[in-house]
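Subject: Structure handover

Hello,

Here is the structure we talked about. Please open it and keep it beside this email while you read.

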Amino acid sequence: MDLKIKPLPAAHLPAALALCREVFLEFEAPDYPPEGIAAFLDFLEPGQMRRMTASGILSFWGAYCGKRLIGVGALREARHISLLFVRREMHRKGAGTALMREMLACCAEAGETRVTVHAAPYGEPFYRALGFSPTAPEQCQDGITYIPMERKL
């Protein structure tokens, strides 16, 4: 597989958000109440994402197999994993780990000593395998269930 991780060009943001939506609806939404699904999909609103990216609050990376976008990662303020989604057919092929490696390197370059994530229950084993540990019990906010986790750098 010809996998490349690179900063996501602004022109690819709509495709990246569509990928996040598709993977969320397939793997996470079935366990969420309608309120949680709506809250997450509202978060993905393109105008809001463009503003957050333009202001430097969010940084996006894409995982590409050839020219095809197969995964997306977003980092908030160089210290919090905000999004990480990989297409179903690319699970367990290294794309998620490669995205994480790139985002963790960005955090370290920014001088951060730890990185956090609000892991969906579906993703918790993935984050544990990468050295993240829970910092609190499972929580639910606006219908979105997550486990607060962190990893020291």
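Below is what was found in it, topic by topic.

This is a predicted model, in which local features need pLDDT of at least 70, side-chain atom pairs count only at pLDDT 80 or more, and totals for chains, interfaces and linings use all residues. Residues are numbered from 1 along each chain as its sequence is written, and side-chain values use heavy atoms, with hydrogens and water left out.

**Aromatic pairs**

A pair of aromatic rings is described by the distance of the centres and the angle of the planes. Rings of Phe, Tyr and Trp (its six-membered ring) pair if their centres lie within 6.5 Å; planes under 30 degrees apart count as stacked, over 60 as edge-to-face and the rest as tilted. The count by this rule is seven aromatic pairs. Take Phe 24 and Phe 40: their ring centres are 4.2 Å apart and their planes are at 25 degrees, so this pair is stacked. Phe 24 is in helix H1 (residues 13–27) and Phe 40 in helix H2 (residues 34–43), 16 residues apart. Helices (H or I, at least four residues) and strands (E, at least two) are DSSP runs, numbered from the N terminus. Phe 24 and Phe 40 are both buried. Buried means under 20% relative accessible area, exposed over 50%, and partly exposed in between (1.4 Å probe, protein chains only).

Next, Phe 27 and Tyr 122. Their pair is tilted, with 5.1 Å centre to centre and 35 degrees between the planes. Phe 27 lies in H1, while Tyr 122 is in the loop between strand E5 (114–119) and helix H5 (124–129), so the pair ties together parts that are 95 residues apart in sequence. Phe 27 counts as buried, at 13% relative accessibility. Tyr 122 is partly exposed, at 45%.

Ring pairs also join Phe 24, Tyr 32, Phe 40, Phe 43 and Phe 85 into a cluster.

The charged end of Lys 6 sits over the ring of Tyr 64, 4.7 Å from its centre. The rule asks for NZ of Lys or CZ of Arg within 6 Å of the ring centre and within 35 degrees of the ring normal.

**Helix H1**

How far apart are the end C-alpha atoms of H1? They are 21 Å apart, which agrees with the 21 Å that its 15 residues should span at 1.5 Å a residue. The expected span is 1.5 Å times one less than the number of residues.

The buried residues of H1 are Leu 13, Ala 16, Leu 17, Leu 19, Cys 20, Val 23, Phe 24 and Phe 27. They cover an arc of only 155 degrees around the axis, which puts them on the same side of H1. That arc is taken from the directions from the helix axis to the C-beta atoms. Their cover includes H2, helix H3 (46–54), strand E2 (58–65), strand E3 (68–76) and strand E4 (80–86).

In soluble globular proteins, nonpolar side chains tend to be buried together. A nonpolar core here is a set of buried Ala, Val, Leu, Ile, Met, Phe, Trp, Tyr and Cys residues joined through side-chain atoms within 4.5 Å. The largest has 24 residues, and Leu 8, Met 49, Phe 60, Leu 69, Val 72, Leu 83 and Phe 85 touch the most other members. H1, H3, E2, E3 and E4 each supply at least two residues of this core. H1 gives the most, with eight residues.

Not counting residues up to four places away in sequence, Phe 60 touches several residues, including Pro 7, Leu 17, Met 49 and Val 72. Contact means heavy atoms within 4.5 Å.

A second, separate core has 22 residues, including Ile 81, Leu 84, Cys 107 and Phe 132.

**Glu 124**

Is Glu 124 buried or exposed? Glu 124 is buried, with a relative accessible area of 18%. Glu 124 is in helix H5. Glu 124 touches Ala 119, Pro 134, Ile 147 and Met 149, leaving out residues up to four places away in sequence.

**Positive phi**

Most residues other than glycine have a negative phi. Arg 92 has a positive phi, near 65 degrees. Arg 92 is in the loop between E4 and H4 and is exposed, at 86%. Asp 142 also has a positive phi, near 55 degrees. Asp 142 is in the loop between strand E7 (139–141) and strand E8 (144–152) and is partly exposed, at 48%.

Best wishes
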